[in-house]
Amino acid sequence: MGGGGNSAYGHKKFKRSKSHFADRITADGRDGWPVESGRYRLVVSRACPWASRAVISRRLLGLERALPMAVADPLQDDRSWRFTLDPGGRDPVLGIRYLAEAYEKREPGAPGGVSVPAIVDVPSGELVTNDYQQLTLDLATEWTALHREGAPDLYPERLRDEIDEVMAEVYQDVNNGVYRAGFASGQEEYEEACAGVFRRLEALAKRLAGQRYLVGDTITEADIRLFTTLVRFDPVYHGHFKCNLWKLTENPVLWAYARDLFQTPGFGDTVDFDHIKRHYYQVHSGINPTGIVPLGPDLAGWLSPHHREELGGRPFGDGTPPGPVAPHERVGPRGLPA
C-alpha cells in the first residue's frame, strides 16, 4: 500500500501499480540477496493489508529474530510512510525518518511510489524488494533454514496449484476488489467492483461451509491473504469503501472463519484496529475529506466462540503454534487483543 496522491482517490480511475522492485531474497542468493539472519529489515504498517500478510507469515514461521521488523506510523504525510512512532522520529536500525530514503538509495526517482511491505538491506540501507505478492511466498519457501522448530508449511508443494488459483480469485475480487469499489470515480465502476466483491465472498462462504480452511486441512498462504481483508471489512471497507451489501458479522460462515483465524496465535495478536481505522479514514482525504474516524464497530465479538473446530482441520499441520509475542511487538492497548 503506497502513499501520495491520497486526495485524488475517488476522482480518477483506480489502478494498482505493480511492484517496481521485484528482487527476491533466496536461499541461493541468485538475485544477489541471500537469506541471512539479521541482515534485512522488514518495514510494515499495521494498517496495510498487504503488509499484514508479511507480519502474520513472519510470526507463524518464527522469523522474528532472523528478520527484525520496523512499524511505520499509520498516518502518512506527503513523503508517505514515516517512522514517527520511534524515538526521535527515526528507525533505530536504519537511522532514517522516511521509508522513501531507502527507496531513493536504491534508485533515485524510482517510479511507483513508496509502498509497504518492504525489505531493506541493513548494511547498505537500500531497498531490496516491495513485491508484496512474492515476499510472503519466499518467507515460506526460501527462508526455511531459519524457520522456528515446528513452523507450519504455509505453501505446501502438493497444494500449490490450488492455492495459487484460490489466491488469484481472492486477490482480483476481494483483496483488490474492495479498493476498486472504494476508489471508484463513477457509479458504474463502483457497482461492478462492489458486486464482484460480494459474489466472491458468497462463493468463498460456500467453500468454507464444509471445510475449516481454504485449501487442505491446515492454514496456508491463501487463508492469510483472505484474513487480512476480512479483518478490515466491517471497520473500514463496509463504510469507508461503500462495500455495504452486508457486514462480515452478518455472514455466519465467513464471520466464524474470520474469528477462528483471529483467535489463532499469529493472526489476531498482530492486528491493530486503531492503526487500521485511523489510516483509512484520515489518510484517504479524497473520499473522507473530514478525516473523522468512526467510533464503531464494537470489536468484542472477535473473541466470541466460533465452533469451527467441529469441522476438524489442524491449524499448524504437524507443527506447533508460535510462542508469545515479543514485548516490543505487542499490539497497542486499543488494538484488541490487549
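The protein chain of this predicted model is divided into two domains, with domain 1 covering residues 40-146 and domain 2 covering residues 157-314. The C-alpha centres of domain 1 and domain 2 lie 23 Å apart, and 23 residues of domain 1 are in contact with 26 residues of domain 2.

**Extent of the domain interface**

- The size of an interface is often given as the accessible area lost when the parts come together.
- Between domain 1 and domain 2 the buried area is about 2100 Å², and carbon and sulfur atoms give 61% of that area.
- On the side of domain 1, the residues that lose the most area to domain 2 are Arg46, Arg53 and Ile56, which together account for 25% of what that side buries.

**Polar links and make-up of the interface**

- One salt bridge is counted between domain 1 and domain 2, and there are also 11 residue pairs in polar contact between domain 1 and domain 2, with both residues of each pair at pLDDT 80 or more.
- Two elements, α1 (49-61) and α3 (132-141), each give two or more residues to the side of domain 1 that touches domain 2, and α1 gives the most, with nine residues.
- Sorted by class, the side of domain 1 that touches domain 2 has 14 nonpolar, six polar and three charged residues.
- The side chains of arginine 59 and aspartate 269 meet in a salt bridge, with a distance of 2.9 Å from N to O.

**Helix α9**

- Helix α9 (residues 273-283) is largely enclosed by the rest of the structure, because nine of its 11 residues are buried.
- The buried residues of α9 are Phe273, Asp274, His275, Ile276, Lys277, His279, Tyr280, Tyr281 and Val283.
- These buried residues of α9 pack against several elements, namely α1, β2 (69-71), α5, α7 (221-237) and α8 (252-262).

**Glycine 182**

- Glycine 182 is found in helix α5 (residues 177-182), and this glycine counts as buried because its relative accessibility is 3%, where the cut-off for buried is under 20%.
- Leaving aside residues up to four places away in sequence, glycine 182 touches Phe241 and Ile287.
- Although glycine 182 and lysine 242 are 60 residues apart in sequence, they are 6.1 Å apart in space, C-alpha to C-alpha.

Terms used: Residues numbered from 1 in each chain as written. Predicted model: local features only at pLDDT ≥ 70, side-chain atom pairs only at ≥ 80, totals over all residues. Heavy atoms only, no water. Domains from an automatic or database assignment. Contact = heavy atoms within 4.5 Å. Buried area = accessible area lost by both parts, 1.4 Å probe. Salt bridge = Lys/Arg side-chain N within 4 Å of Asp/Glu carboxyl O. Polar contact = N/O pair within 3.5 Å; in protein donor to acceptor, adjacent residues only side chain to side chain. Helix = DSSP H or I, 4+ residues; strand = E, 2+ residues; numbered from the N terminus. Nonpolar A, V, L, I, M, F, W, Y, C, P; charged D, E, K, R; others polar. Buried < 20%, exposed > 50% of the residue type's maximum accessible area, 1.4 Å probe, protein only.
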